[in-house]
Amino acid sequence: MRIKKENDFDSCKASLHYLRQEKILNDIDKARNKLITEDLISKIENLDMREKIAIAGALQLSFFKKENNVVLDLFKDEWSELDVLAGKKKRQKDVGIVTVLERELRAVLIALGRSADEKEDYICNNGRSYWFSEIENEENEMINVVVTRVGEPRNVPCAIAVEQLLNMFDLKIVVFSGIAAGPRKIVSLGDVVYATKIYDYEHARLEIAKYFGIPFYFKRRKLPRPEFGKVEHKVRIALDKFDQPERIEKYQKDFLDKLNRLHQGEIPEALRKPEENKPKVYDGTIVAGEKLIADGSLKKLYKIADEKIRAASQEDSGFFQAAKSKKIPWAVFRGISDYGDHRKNRGWHTVASLSAALCATHFIKSINLAKID
């Protein structure tokens, strides 16, 4: 006969019911309280966050006085998350960094001084993962950073990830770090572009062409209605302050140092002598759309839309609009991994991810968060 195994939550409820019936916790000292509570806690390690909170709350309310914070101390992370779920409190962090691809996340972790393969520090109940770190700024102050990964390209998934990040954490600025295509002969592979403006080129009106008021149904017109997003003035000032020779030189030196942490196969042949090919940093417009540009059309956009275009991506419109809706300052850093043409490949993905991540972290170190917030 097969015996049905009791699930963890039912087991914890049974233990809790026994403790209530016996009322043993009312007649023993604080040390015993903690021992018995820890024994119960050992049974609920596999419970999800909401079930943990339910058991911990029942223990606290049923058996302990207000001044006894045994359960609250042991469940402090879960209680903090309960505040988040209730919309009453957010976790306090200074800066949020958003990435999309796994290699972009690895690059950000390396830039923050963490191991490239470290697992997440926290997983939200919706499955979103977060990594935490601290970096020291130019004023010798510690900046608390939270990192998340979207997991898939395009504007909508990115907007959702940013929305969830800003619902969970109270941030002073949110920064995007990732790879992008760039116009050939204007930027080089491995260079970094930081956005002064985002140009959403796919927003358009499709209509039937008319001549002298007569519709010609065999001919349709596409009327561009691009959307623009400009970085806030205080962020632009911080970017201008960062983009100075001494800071760029420091960033380039850090890039050469961190490059050694990549696998040899991830470094393109052109970078076997990296001191001769240090990444340059450009400011300019980043075009964003749902399409992955690999047909050379970036050159056309450069000519007809904005000659300040320095990169093309699939997420930046969703990123800045989500940040704007929450009234949070934002910045975007893109490493150039290809030229958006038929020669597009993944050879520069890892290096471009690293150059963008290091540029973003050096920018974060240079800013005065009190003036950004």
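This is a predicted model: local features need pLDDT of at least 70, side-chain atom pairs count only at pLDDT 80 or more; totals for chains, interfaces and linings use all residues.
Student: What makes helix α6 count as largely enclosed?

Tutor: Look at its residues. Helix α6 spans residues 102–111, and eight of its 10 residues are buried, so the rest of the structure largely encloses it. Buried means under 20% relative accessible area.

Student: Which residues of α6 are buried?

Tutor: They are Glu104, Leu105, Arg106, Ala107, Val108, Leu109, Ile110 and Ala111.

Student: What covers the buried residues of α6?

Tutor: The cover includes the strands β2 (95–99), β4 (129–136), β5 (142–149) and β7 (173–181). It also includes the helices α9 (245–258) and α12 (349–366).

Student: What follows α6?

Tutor: Gly113 follows α6, and its phi is positive, near 90°.

Student: Why is Ser355 called buried?

Tutor: Set the value against the cut-off. Ser355 has a relative accessible area of 0%. The limit for buried is under 20%. So Ser355 is buried.

Student: Where does Ser355 lie, and what does it touch?

Tutor: Ser355 lies in helix α12. Leaving out residues up to four places away in sequence, Ser355 touches Gly190, Asp191, Val192, Tyr251, Phe255, Pro279 and Gly335.

Student: How do you know whether Thr285 is buried or exposed?

Tutor: Use the cut-off again. Thr285 has a relative accessible area of 2%. That is under 20%, so Thr285 counts as buried. Thr285 is found in strand β12, residues 281–288. Its contacts beyond four places in sequence include Thr196, Tyr199, Asp306 and Arg310.

Student: Why is the pair Asp121 and Arg114 called a salt bridge?

Tutor: The side chains of Asp121 and Arg114 meet at 2.5 Å, N to O. The rule asks for a side-chain nitrogen of Lys or Arg within 4 Å of a carboxyl oxygen of Asp or Glu. So this pair qualifies as a salt bridge.

Student: What makes Glu163 and Lys326 a salt bridge?

Tutor: The closest N and O atoms of Glu163 and Lys326 are 3.5 Å apart. The limit is within 4 Å, so the pair counts. Glu163 lies in helix α7 (residues 155–168), and Lys326 lies in the loop between α11 (316–325) and β14, so the pair ties together parts 163 residues apart in sequence.

Student: How do you know that Arg184 and Asp341 link distant parts of the chain?

Tutor: Their side chains meet in a salt bridge, 2.7 Å from N to O. Arg184 is in the loop between β7 and β8 (192–200), and Asp341 is in the loop between β14 and α12, 157 residues apart. Arg184 is partly exposed at 35% relative accessibility, whereas Asp341 is buried at 11%.

Student: How many salt bridges and disulfides are there?

Tutor: The count is 20 salt bridges and zero disulfides. Some salt bridges form a network, linking Arg236, Asp240, Asp283 and Lys308.

Student: What lines the largest pocket?

Tutor: The lining has 22 residues, and Leu101, Ile179, Leu292, Gln314 and Lys344 lie nearest the centre. By class, the lining has nine nonpolar, five polar and eight charged residues. The largest pocket holds about 400 Å³ of space.

How values were computed:
Residues are numbered from 1 along each chain as its sequence is written. Side-chain values use heavy atoms; hydrogens and water are left out. A disulfide is a pair of cysteine sulfur atoms within 2.5 Å. Buried means under 20% relative accessible area, exposed over 50%, partly exposed in between (1.4 Å probe, protein chains only). Helices (H or I, at least four residues) and strands (E, at least two) are DSSP runs, numbered from the N terminus. Contact means heavy atoms within 4.5 Å. On a 1 Å grid over the protein atoms alone, a cavity is a set of points where a 1.4 Å probe fits but cannot get out, and a pocket is an open set with protein on both sides within 12 Å along at least five of seven lines; lining residues have an atom within 4 Å of a point. Grid points are joined across faces, edges and corners, and a volume is the space filled by probe spheres set on the points. Ala, Val, Leu, Ile, Met, Phe, Trp, Tyr, Cys and Pro count as nonpolar, Asp, Glu, Lys and Arg as charged, and the others, Gly among them, as polar.
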